[in-house]
Amino acid sequence: MPLHFEILMDRRENPRKCTILPQRERSDFRIRYFGGPKPVPAFATDCLLHIEGEDLATVERGTYRSVGLIDCNWKKVPLALKKVEKPLPRLVRIPEGFETAYPRRNLEGKDPEGGLATIEALFIAAAFLGSWDETILDKYHFKNEFLARNETRWKKYGLGPHAKSS
């Protein structure tokens, strides 16, 4: 059974910089928006990517079939979470060390270390949950650089082409 993705996106997200919007036609992606005064319906996913979640490297592959993610500037995540109806799905996080290929141009230099483009984070989460699906990255301009840049991590965790056959 394939994974499904639910993305809660800031309505003010710049469409030219967004790595998720090109995926909106996929049947396994559901994109919703936040940014108004109304509460946001709860996530309908098994888990939600969050920096304070359980490390995906410790989760048994195949445990979860759907992943939620909030797509916005990292500073807006706490506000977005407050708007989402509870309960939240189980929080999970990507292990440290993965590198983005997305060029960052933050003049203040205040991005958190190890930040990833949204599409990169979803791809990594899917890989840890047992679904190595490079089509997730097909419309991502930096696909090849991202995959190459993280080759040692794919090997370290036995993901994708480095997965141990059962």
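How far apart are the mean positions of the positive and negative charges of the protein chain? I looked this up first. The 28 positive and 23 negative charges have mean positions 4 Å apart. Lys and Arg count as positive, Asp and Glu as negative, with His and the chain ends not counted. I placed each charge at NZ of Lys, CZ of Arg, CG of Asp or CD of Glu.

Ground rules next. The model is predicted, with local features needing pLDDT of at least 70 and side-chain atom pairs pLDDT 80 or more, while totals for chains, interfaces and linings use all residues. Numbering starts from 1 along each chain as its sequence is written, and side-chain values use heavy atoms, without hydrogens and water.

Then the fold. I find 4 helices and 5 strands (DSSP runs: H or I, at least four residues; E, at least two). Their order from the N terminus is β-β-β-β-α-β-α-α-α. The radius of gyration is 15 Å, close to the 15 Å of the globule rule for 166 residues, so the chain is as compact as a globular protein of that length. That radius is over C-alpha atoms, and the rule is 2.2 Å times the number of residues to the power 0.38.

Last, Thr100. Thr100 sits in the loop between strand 5 (90-93) and helix 2 (118-128). Thr100 is buried, at 12% relative accessible area (buried is under 20%, with a 1.4 Å probe and protein chains only). Its side chain makes a polar contact with that of Glu120 at 2.6 Å (a pair of N or O atoms within 3.5 Å, one able to donate a hydrogen and the other to accept it). Beyond four places in sequence, Thr100 has contacts including Tyr140 and Arg149 (heavy atoms within 4.5 Å).

Definitions and conventions. Buried < 20%, exposed > 50% of the residue type's maximum accessible area, 1.4 Å probe, protein only.
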